[in-house]
Amino acid sequence: MSKLEPKLLDIIALTVDLPEYNLLRGQVGTIVEILADGTVFEVEFSDSNGQAYEFVALTLEQIMVLHFEPISPDLAKSTVIV
């Protein structure tokens, strides 16, 4: 797992709508469990009061890790964006 791959407690945003869960692209959640050898991530979605309202198992294609600090230039050069 590279430093840019999702890890436990990372904050993520949805990259797709999930109407079956009433979740829209851009909604923010927290990874609370890593499943299936790191290919599936259990994400908790909470309201502004911290009350969880949904838990969903998501794949890497459905999420984007949010970064709050700059990454090292060496790490940025080695990252391939698809």
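I started with His67, which sits in the loop between strand 5 and helix 1 (73–78). The model I am reading is a predicted one. I looked up the accessibility of His67: its relative accessible area is 46%. That counts as partly exposed, because the class lies between the 20% limit for buried and the 50% limit for exposed.

Next I looked up how His67 stands to Asp10. The two residues are 57 apart in sequence, and I read a C-alpha to C-alpha distance of 8.8 Å.

I then turned to Asp10 itself. I found Asp10 in the segment before strand 1 (11–14). Is Asp10 buried or exposed? I noted a relative accessible area of 11% for Asp10, so this residue is buried, the cut-off being under 20%.

I checked what surrounds Asp10. Its side chain reaches the backbone nitrogen of Lys7 at 2.9 Å. Leaving aside residues up to four places away in sequence, I listed Glu5, Gly29, Thr30, Ile31 and Val65 as the residues that Asp10 touches.

I went on to the overall layout. I counted one helix and five strands in the chain. Along the sequence I read the pattern β-β-β-β-β-α.

In what order do the five strands lie in the sheet? I wrote down 4-3-2-1-5, with antiparallel pairing, and the sheet is open. I marked strand 4 (52–59) and strand 5 (63–65) as the edges; each has a single partner strand, so one side of each has no neighbour in the sheet. From one strand to the next I noted an average twist of 40°.

I took a closer look at one pair. How many bridges join strand 3 to strand 4? I found seven between strand 3 (residues 40–46) and strand 4, and the two run antiparallel. Within strand 4, Thr59 is the residue opposite Val40.

Last, I looked up totals for the chain. It has 82 residues, and 20% of them count as buried. The accessible surface comes to about 5,900 Å², and I noted that carbon and sulfur atoms hold 56% of that area. Taking contacts between residues at least 6 apart in sequence, I read that 39% join residues at least 24 apart.

Methods:
Residues are numbered from 1 along each chain as its sequence is written. This is a predicted model: local features need pLDDT of at least 70, side-chain atom pairs count only at pLDDT 80 or more; totals for chains, interfaces and linings use all residues. Side-chain values use heavy atoms; hydrogens and water are left out. Helices (H or I, at least four residues) and strands (E, at least two) are DSSP runs, numbered from the N terminus. Buried means under 20% relative accessible area, exposed over 50%, partly exposed in between (1.4 Å probe, protein chains only). A polar contact is a pair of N or O atoms within 3.5 Å; within protein, one must be able to donate a hydrogen and the other to accept it, and residues adjacent in sequence count only if both atoms are side-chain atoms. Contact means heavy atoms within 4.5 Å. Two strands pair if DSSP finds at least two bridges between them. Axes are lines fitted to C-alpha atoms, for helices over the stretch in contact, and angles run from 0 to 180 degrees between N-to-C directions. Accessible areas come from the Shrake-Rupley method with a 1.4 Å probe; for residues, only the protein chains shown count as cover.
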